[in-house]
Amino acid sequence: MRCDLKKKSSILKSLRTGLLIAISIIVFAYAFQVTNVNFETTRSEVRITQLTRVLRALAKPELVQYDTTEEEISTPFYLPCPDTGEIEEIEKNTDEAYIQTSVICASPKESITVEGFNMAANIKGPINFLAASGVKRQLANFETNNEGYFSVDVVIPTRQPVAEAQYITATIRTTTGLPKWTDTAKATWYKIIETVFIALLATTIGTAASIPISFIAARNLMKDSTSTPTSTALNIIGFPIGAYLGYIFSKWIIDLLSPFEKNVFVTLIGLIISGLIAYFSIRKGLPSEDIKKPTTSVKFQRFAFIFIAGVMTILSIILFGEFTKLTGKELENVLGPFSFLGYALFQIGDITLMLVPAITAIAFGGVVVSLFNKVGLSLQDNLNTKILKIINVVISTIAGAILFALVMAVINWFYQFNNQRISLYYPVLIGGFAGFILAAIAKPKHPLPTGFIIYTITRTILNALRSIEPLVMAIIAVIWVGIGPFAGSLALALHTIAALAKLYSEQVESIDDGPLEAIHATGANKLQTIVYAVIPQIVPPYISFTMYRWDINVRMSTIIGFVGGGGIGFLLQQNINLLSYRAASVQMLAIAIVVASMDYISSKIRERIV
Amino acid sequence: MLEIKNLTKVYEGNVQALDNVSFNVQPGEFLAVIGLSGSGKSTLLRCINRLVEPTNGEVIWDGVDITKAGPDELRRIRRQIGMIFQHFNLVERSKVLTNVLAGRLGYTNPAMSLVNRFSKNDVDMAYKQLERVGITDQANKRADELSGGQQQRVSIARAMMQNPKIILADEPVASLDPVLAHSIMQYLEKINKEDGVTIICSLHFLDLVHRYANRAIALNAGVLMFDGAPKEIDDVKFKEIYGKEAERVG
């Protein structure tokens, strides 16, 4: 019985194997058709000739050129032969280089031989027919042998019959002086520099943005963050409100400051004053050591100071932006060759100002969230379960409505329903209902895994973003900011954020938990734990990944120009389209050199750090 | 002053680590926690400062139930409870001094400590603690350049930076050789005797328990099996704690 079973199974097994093999054969056979595999083309003579030509061109990058002098050696020629009389033959000085035709007159389309004597050895050049009208026509190329002699058969072209002598000439080109870089080489040099800087900027921006994101996308840091249903619902309500208030507030302050922002000194003084107030309010609001549990009035006082500090910080950020913009502009006029420093300063100021509303919105949102959090906690501690449940149900209904309305607002922006019912009423109703149900089911004091939810959302966004090729991002960036290196930098920066945040967060996940536990046990808060226990452990891998990413970005930025993203790709594509392969070869060479040296440098640096 | 009442911890997947454990700790006591690996010693210690959230029960300290403390309250409680680990848990790439100063984080202003700024007092205190454990000259070395015994001394200094009322020591000598083990235990004894810091220390070797502890409790599979003076652990008790197959060593 048992034996039978075994036999059966082995037959089944071999059947299965056979089937698998058959399927894979079919799959590969189909792949051949789909990918148009046709090796006949690879043997076709025409194509091989073309391939040879291109490969040879690529092997000779157009890097250097020489100044040349041209010397023309000519011999008179009659086309057609004169009807009457003799043709005067000119004595040639046989000491110098000269050329000699086999006949001195011929009819069109006749074949004659041209010989050259006493020329330089092993040189090349064209043989031209110089008509009486002055029009040149190339007949052939010559190449002298070691003795400076050549002999070429040429066919006489059809020309208007002329009585006087026309000429057959051989042009000798001699290079003089030192080799010079070609224009292609120079253009390539500028563009490769641009390429490296695109990569540098994209990597810097990407790294700066992805470090904080990587902490949010790290499971081990997020999984323990939980919050109660009450706090969660309050946060969902609180953040948008806070963010909106912050946005309005920043606009208001910017408007308020606008009369003063034309003067460098006013902004500088304002910057110093607001900075100082912010600093001292922080010192007041956050005592360096809190020994006892603070009383309510002390808490209130501290809160007031922190609030002042926050407002002053926003103020000083705005003034900093204005100040750097103004000084940048001034310096740009003054610095001459170093005007790029002023330009950079101006741009930094501009970026700062651009970010102010976002920063303020997030900061206000954060403040409201932390306030609401405290409210939620005290509600939870002081109320009995029943009342808490009722409160939970009410606020989760509101939270659900707000959340759905906000999500729908984003969707509506894309699809433009033009229908309030779809874009507002339904989501509010559905969200409110969902919140109601959730709060009704959930235990009122059971903590929700908020950290894990945020982690999952962040990861999902990062994965989606990472799956979009930088080239596609560059196309969108080109539409946004126009063709040029800036578009390339933006696209690469965005992709870098997605890629690095993922890599970084995996590093955070793989750190040793022990120090985290130890630092946490001392009473350090989450942020302190990150600074003292996480960051020291992740510095080496972060640097290593950043270098690796720069390496990738350099490679990417070489082709991002294909879609208008600036850098060397633009030149490369242009030359390939113009079929100037020798020029394209220069760009390929430059890319190879830069990529290889980046590879080497980054591996060296990584070795040293890790 | 520390009262543990009906403490229960069930990990995910229904793993019962602590089962209704209750005991008291008097101020100034040197309490040893013994038991096999996996008997719940580490979980017990971590439930006290809530590195592990207990499933049930109370940890009452100075009249406050730690298990119900909010985040701010917990921070204030934790900073008075130092902790020492089997694997030292130092931040290996940081300087010894930074590691020691990290013990002060519960007291310092979060905003200031984020940029690595500690007050002069704190720095002086750190040097004093390093001097106490005899490694002042190593202050500016990276923590991973130190030997195991030295690293454990750093972690004692770190715990002492907290001005602790209690020190929880989770098998502090399990990864050290016997000579170093005694030296580390002597430091703990000194802290216990001179500073009056209560010490709750999980240990593997009974001779260490006999020599250093005033009292011992024993866990087996999360259940409290013994609570009394170390010398009361006779062969019968021993078999109860460690199982029938166990043989006494040392």
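1. How many helices and strands does chain A have? There are 18 helices and seven strands in chain A, where helices (H or I, at least four residues) and strands (E, at least two) are DSSP runs numbered from the N terminus.

2. On provenance: this is a predicted model, in which local features need pLDDT of at least 70 and side-chain atom pairs count only at pLDDT 80 or more, while totals for chains, interfaces and linings use all residues. Residues are numbered from 1 along each chain as its sequence is written, chains are lettered from A and ligands numbered from 1 in the order in which they are written, and side-chain values use heavy atoms, with hydrogens and water left out.

3. Overall dimensions. The radius of gyration of chain A is 39 Å, whereas a compact globule of 610 residues would have one near 25 Å; the radius is taken over C-alpha atoms, and the globule rule is 2.2 Å times the number of residues to the power 0.38. The C-alpha trace of chain A spans about 130 × 100 × 60 Å along its principal axes.

4. Domains. Bounds come from an automatic or database domain assignment. For chain A this gives domain 1 (2-37), domain 2 (47-63 + 182-226 + 454-610), domain 3 (66-179) and domain 4 (243-365). The centres of domain 2 and domain 3 of chain A, taken over C-alpha atoms, are separated by 59 Å.

5. In chain A, 36% of the 610 residues count as buried, meaning under 20% relative accessible area (1.4 Å probe, protein chains only). A contact means heavy atoms within 4.5 Å. Of the contacts in chain A between residues at least 6 apart in sequence, 75% join residues at least 24 apart.

6. Helix α6. G242(A) belongs to helix α6 (residues 229-257) of chain A. G242(A) counts as buried because its relative accessible area is 0%. Residues up to four places away in sequence aside, G242(A) touches A361(A), F364(A), G365(A) and V368(A). From G242(A) to V311(A), 69 residues apart along the chain, the C-alpha separation is 14 Å.

Note on methods. Buried means under 20% relative accessible area, exposed over 50%, partly exposed in between (1.4 Å probe, protein chains only).
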